[in-house]
Amino acid sequence: MRTNYLFTSESVSEGHPDKVADQISDAIVDLFLSKDPEARIACETLTTTQLVVLAGEIRCKGVYENGEWAPGAKEEIEATVRRTVKEIGYEQEGFHWESFRFENNLHGQSAHIAQGVDASGNKDEGAGDQGIMFGYATDETPDLMPATLYYSHKILERMAADRHSGAAPFLEPDAKSQVTLRYEGSLPVAATAVVVSTQHARGYDEGAKEAELHAYVKKVVADVIPPVLLRGTEYHINPTGSFEIGGPDGDAGLTGRKIIVDTYGGAAPHGGGAFSGKDPTKVDRSAAYISRYLAKNIVAAGLATRCTIQLAYAIGVSKPLSLYVDTHETGTVGDDKIEAAIMGIEKLGGLTPRSIRTHLGLNKPIYRNTAAYGHFGRKAEGDFFPWERTDLVEDLKAALA
């Protein structure tokens, strides 16, 4: 296993056009789940200059039944979309929450999909689709996330907080970050390069105002990344020069195009499926969450310093086709023993879609908060981010005793 290398991860802000789309899609998921915890949602969003388009398949009691919208439902959907964009902060000529054109092309879920997913008779609820899902954890950071992605997210979270509070009024919503770390002995020892591109107010691309913006970004980086890592760091701040036109006006956005930003920054495999816009019967979402939960608890239990989990499902089938554990030669017990322990923990219910949703409490309106700055490495609080809890540690230890 290679231990000395350079590795890079990127993040994008809540104002990035793809993230605008993700947040809209998840705001719709939350809206429908707040009406009907068993709602079925597959909501895709397109954003571009002064336009937001929704498309996808839904089923929701009290909102959309028997091919008909409930009174006021379409208006509530549009209000939710506009409120989401407003909260992100878009009040620009090319994209304004109050004046963009809006299209709602959501329609009823296919009956052929529904018959495979719904529980009936002696048949348990099946997976919402086929696919492979991965989870990952590493002891590089307190949140058990890859350090390159962890710092990339934190830089943009801090900049967004300063923008919303007015502490950095020259910032606009769209931004990207990228952090390159040098690893020695599999641990980060230096940040060799930091890239930050941020949309800005007019005039902040030259002279004293440009210098102010650059100084601000370097201060944020210094506050986020430990000083011991900032040795000879190369900075690239708005390397194209100007970044006034951004967000959906600068580039079209689509749901699900930032899946590596959403997960582990390239430090772990990804099965290919996106998360946002999907209700938790879709194993693209729920099985990826339980995979992270398992990997994080394995590392938190001291069973390994790195762990990758893979799960696989077939549409309409409740039992997972496979469970794979890889502790990358850092495990204190055999990976096969950890696999057996996981499948033997009764509260996990054999990792069926229904048991995942029940154990993690996923049939709740908790998804808008996941749609920017990563689905993983976040703080488990109340109903939010339950897959980040480490409450399986003692069960794993007992199962392996």
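How closely do the axes of helix 4 and helix 5 come, and at roughly what angle do they cross? They come within 9 Å of each other and cross at roughly 125°. Keep in mind that this is a predicted model.

## Helix 4 meets helix 5

Let's stay with that pair for a moment. Helix 5 covers residues 207-224, while helix 4 covers residues 147-165. The crossing of helix 4 past helix 5 is right-handed.

So who does the touching? On the helix 4 side, the contact uses Tyr151, Lys154, Ile155, Arg158, Met159 and Asp162. Helix 5 brings Tyr216, Val217, Val220, Val221, Asp223 and Val224. Sort the residues of this contact by class and you get eight nonpolar, four charged and no polar.

Now look for an open sheet of four strands, in the order 1-10-11-12, with mixed pairing. Its edges are strand 1 (5-12) and strand 12 (234-237), and each of these pairs on one side only. Going from one strand to the next, the twist averages 15°. Helix 4 packs on this sheet and touches strand 1, strand 10 and strand 11. The direction of helix 4 makes about 155° with that of strand 10.

Strand 10 (residues 171-184) and strand 11 (residues 187-200) run antiparallel, joined by 11 bridges. To find one of them on screen, pick Leu181 and look for its bridge partner in strand 11, Ala191.

Strand 2 (residues 40-48) runs antiparallel to strand 13, and two bridges join them. Thr47 has Gly253 of strand 13 as its bridge partner.

## Helix 1 meets helix 2

Those two helices also pack against each other, with their axes 9 Å apart and an angle of about 135°. Helix 1 and helix 2 are therefore oblique to each other, and helix 1 passes helix 2 in a right-handed crossing.

From helix 1, the contact takes in Val20, Gln23, Ile24, Ala27, Ile28, Leu31, Phe32 and Lys35. Facing them in helix 2 are Glu76, Ile77, Thr80, Val81, Thr84, Val85 and Ile88. The class count for this contact is 10 nonpolar, three polar and two charged residues.

## A closer look at Val53

Time to zoom in on one residue. Val53 sits in strand 3 (residues 51-59). Is Val53 buried or exposed? Val53 is buried, because its relative accessible area is 13% and the cut-off is under 20%.

Leaving out residues up to four places away in sequence, Val53 touches Glu44, Thr45, Leu46, Glu103 and Asn105. Glu339 lies 286 residues away from Val53 along the chain, and their C-alpha atoms are separated by 43 Å.

Conventions:
Residues are numbered from 1 along each chain as its sequence is written. This is a predicted model: local features need pLDDT of at least 70, side-chain atom pairs count only at pLDDT 80 or more; totals for chains, interfaces and linings use all residues. Side-chain values use heavy atoms; hydrogens and water are left out. Two strands pair if DSSP finds at least two bridges between them. Axes are lines fitted to C-alpha atoms, for helices over the stretch in contact, and angles run from 0 to 180 degrees between N-to-C directions. Contact means heavy atoms within 4.5 Å. A crossing is left-handed if the near helix is turned anticlockwise from the far one by less than a right angle, and right-handed if clockwise. Ala, Val, Leu, Ile, Met, Phe, Trp, Tyr, Cys and Pro count as nonpolar, Asp, Glu, Lys and Arg as charged, and the others, Gly among them, as polar. Buried means under 20% relative accessible area, exposed over 50%, partly exposed in between (1.4 Å probe, protein chains only). Angles under 35 degrees count as roughly parallel, over 145 as roughly antiparallel, 65 to 115 as roughly perpendicular and the rest as oblique.
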